Amino acid sequence: MTPHQALDPYDWDAIHALLTQEFAGMEGRIDPPSSLRDLTASDIAAQSRRGEVWVIGTPPLACVFLSPKPDALYLGKLAVASALRGQGLARHLVDLAQTRARAMGLPRLELQTRVELLENHATFRALGFVETGRTAHPGYSKPTSITFAKVL
């Protein structure tokens, strides 16, 4: 399955549905709750204009948001339909992100995941990412997120 960029017009609700389904397992596991609670289909469309949104499949079976930063390409909202996990879709999207980062002249990929999501940490390490830092959401005295990076 080949990733393709989601551009207007697109079924933003379908991406929202994928994210809602695949992030549902975080409810009650992470504190504070995921920003996905506030994300709308319109927000996803806006992300496609200020950054990039890539999907695999129609309707989407996997997705990732890409946002250029001064020194890295940031990966957000990486999701793969649970029925298709373990088939390399996340790797395809990370490979695509590497290609996009190189095209933008950016030397690395960066992402964040919550400290509680140990399975995500293992996945990102298997994809070549290393932990580079920990941060706390406002109002929290201990880290709530882990930053991972992959040098290209």
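Some ground rules. Because the model is predicted, local features need pLDDT of at least 70 and side-chain atom pairs count only at pLDDT 80 or more, while totals for chains, interfaces and linings use all residues. Residues are numbered from 1 along each chain as its sequence is written, and side-chain values use heavy atoms, with hydrogens and water left out.

I start with the sheet. Seven strands, 7 in the count, form an open sheet with mixed pairing, in the order β1-β2-β3-β4-β5-β7-β6. Strands here are DSSP runs of E with at least two residues, helices are runs of H or I with at least four, and both are numbered from the N terminus. Two strands pair if DSSP finds at least two bridges between them. The edge strands, each pairing on one side only, are β1 (3-5) and β6 (130-135). Direction ignored, neighbouring strands are turned by 30° against each other on average. Axes for such angles are lines fitted to C-alpha atoms, for helices over the stretch in contact, and angles between N-to-C directions run from 0 to 180 degrees.

Now strand by strand. β1 and β2 are antiparallel, with 3 bridges, and H4 has V55 in β2 as its bridge partner. β2 and β3 also run antiparallel, joined by 5 bridges; W54 is partnered with V64 in β3. β3 and β4 pair in the antiparallel sense over 6 bridges, and S67 stands opposite Y74 in β4.

Two helices sit on this sheet. α3 packs on it, touching β1, β2 (52-56), β3, β4, β5 and β7 (145-151), and its direction makes about 160° with that of β4. Contact means heavy atoms within 4.5 Å. α4 lies across β4, β5, β6 and β7, running at about 165° to β5.

How much of β2 is buried? 5 of the 5 residues of β2 are, so the strand is largely enclosed by the rest of the structure. Buried means under 20% relative accessible area, exposed over 50%, and partly exposed in between, with a 1.4 Å probe and protein chains only. E52, W54 and I56 point one way from β2, V53 and V55 the other. M1, in the segment before β1, counts as exposed because its relative accessibility is 55%. Beyond residues up to four places away in sequence, M1 touches I56, L61, L89 and H92.

Next, the largest pocket, with about 1100 Å³ of space. On a 1 Å grid over the protein atoms alone, a cavity is a set of points where a 1.4 Å probe fits but cannot get out; a pocket is an open set with protein on both sides within 12 Å along at least five of seven lines, and lining residues have an atom within 4 Å of a point. Grid points are joined across faces, edges and corners, and the volume is the space filled by probe spheres set on the points. The lining has 41 residues, with F23, M26, L78, N120 and F124 nearest the centre. β4 gives the most, 7 residues.

Last, the backbone. The D8 to P9 peptide bond is cis, with omega about -10°, and so is T58 to P59, with omega near 0°. P59 is in the loop between β2 and β3. In that hairpin, G57 takes a positive phi near 90°. K77, in strand β4, has a positive phi of about 50° although it is not a glycine.
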